[in-house]
Amino acid sequence: MEVLNSKNFEEQTKKGIVVVDFFATWCGPCRMMAPVLEEVQEELGDKVKIFKVDVDESEALARKFGVMMIPTMVIFENGEVRDKHIGLWQKDDMLDQIKSYL
């Protein structure tokens, strides 16, 4: 899964439905979310794009979107924040939420 930073974030999130996982490499729950995100990406295919943002490498992006705890998943629709989920997210619940924007 591609990791975004301030240089490519806006370009990658401006079109369609995009889920961004704000994470840190040292975060146990963040590592637990990785396979869930991969399964969601596989199931939804090109209907949605999923990216990651390392909060240690991109602190300004984390601040911009009010990320205070990780993992935090932010759903964008055409560049606008539509939803935010903090903490672990069950696959079926995540799929239901994302599908509500498709």
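Buried means under 20% relative accessible area, exposed means over 50%, and partly exposed lies in between, with a 1.4 Å probe and protein chains only. All views show a predicted model, in which local features need pLDDT of at least 70, side-chain atom pairs count only at pLDDT 80 or more, and totals for chains, interfaces and linings use all residues. Residues are numbered from 1 along each chain as its sequence is written, and side-chain values use heavy atoms, with hydrogens and water left out.

**View 1. Phe9 and Phe65, an aromatic pair.** Phe9 is buried, and Phe65 is buried as well. Rings of Phe, Tyr and Trp (its six-membered ring) pair if their centres lie within 6.5 Å; planes under 30 degrees apart count as stacked, over 60 as edge-to-face and the rest as tilted. The count by this rule is 4 aromatic pairs. The ring centres of Phe9 and Phe65 are 5.3 Å apart and the planes stand at 40 degrees, so this pair is tilted. It links distant parts of the chain: Phe9 sits in helix H1 (residues 9-13), and Phe65 in the loop between helix H3 (59-64) and strand S4 (72-77), 56 residues apart. Helices (H or I, at least four residues) and strands (E, at least two) are DSSP runs, numbered from the N terminus.

View 2. Phe22 and Phe65 form a tilted aromatic pair, with 6.2 Å from centre to centre and 45 degrees between the planes. Phe22 belongs to strand S2 (residues 17-23), and Phe65 to the loop between H3 and S4; 43 residues separate the two, and the pair links distant parts of the chain. Phe22 has 0% relative accessibility, so it counts as buried. Phe65 has a relative accessible area of 14% and is buried too.

**View 3. The aromatic cluster around Phe65.** Phe9, Phe22, Phe65 and Phe76 form one aromatic cluster. What does Phe65 touch, not counting residues up to four places away in sequence? Its contacts (heavy atoms within 4.5 Å) are Phe9, Phe22, Phe76, Val81 and Lys84. Phe65 and Phe76 are 11 residues apart in sequence, and their C-alpha atoms are 11 Å apart in space.

**View 4. The largest nonpolar core.** A nonpolar core is a set of buried Ala, Val, Leu, Ile, Met, Phe, Trp, Tyr and Cys residues joined through side-chain atoms within 4.5 Å. The largest one has 18 residues, and Phe9, Val20, Phe22, Val53, Phe65 and Phe76 touch the most other members. S2, strand S3 (49-54), H3 and S4 each give two or more residues to this core. Which element gives the most? S2 does, with 4 residues. Another core, of 15 residues, lies apart from it; among its members are Met33, Val36, Leu37 and Trp89. In soluble globular proteins, nonpolar side chains tend to be buried together.

**View 5. Lys52 over the ring of Phe23.** Lys52 lies over the face of Phe23, 4.5 Å from the ring centre. A charge sits over a ring if NZ of Lys or CZ of Arg is within 6 Å of the ring centre and within 35 degrees of the ring normal.

**View 6. Ser58 in its loop.** Ser58 lies in the loop between S3 and H3. Is Ser58 buried or exposed? With 8% relative accessibility, Ser58 counts as buried. Leaving out residues up to four places away in sequence, Ser58 touches Leu4, Asn5, Ser6 and Val53.

**View 7. The disulfide of Cys27 and Cys30.** A search of the whole structure finds 1 disulfide (a pair of cysteine sulfur atoms within 2.5 Å). The link joins Cys27 to Cys30, with 2.5 Å from S to S. It is right-handed, with 75 degrees about the S-S bond. Cys27 is buried, at a relative accessible area of 4%. Cys30 is buried, at 3% relative accessibility.

**View 8. Salt bridges.** The structure holds 6 salt bridges, each a side-chain nitrogen of Lys or Arg within 4 Å of a carboxyl oxygen of Asp or Glu. Lys14 pairs with Glu11, with the closest N and O atoms 3.2 Å apart. Lys14 is partly exposed at 46%; Glu11 is exposed at 51%. Glu39 pairs with Lys91, with the closest N and O atoms 3.4 Å apart. Glu39 lies in helix H2 (residues 28-44) and Lys91 in helix H4 (residues 91-99), so the bridge ties together parts that are 52 residues apart in sequence.
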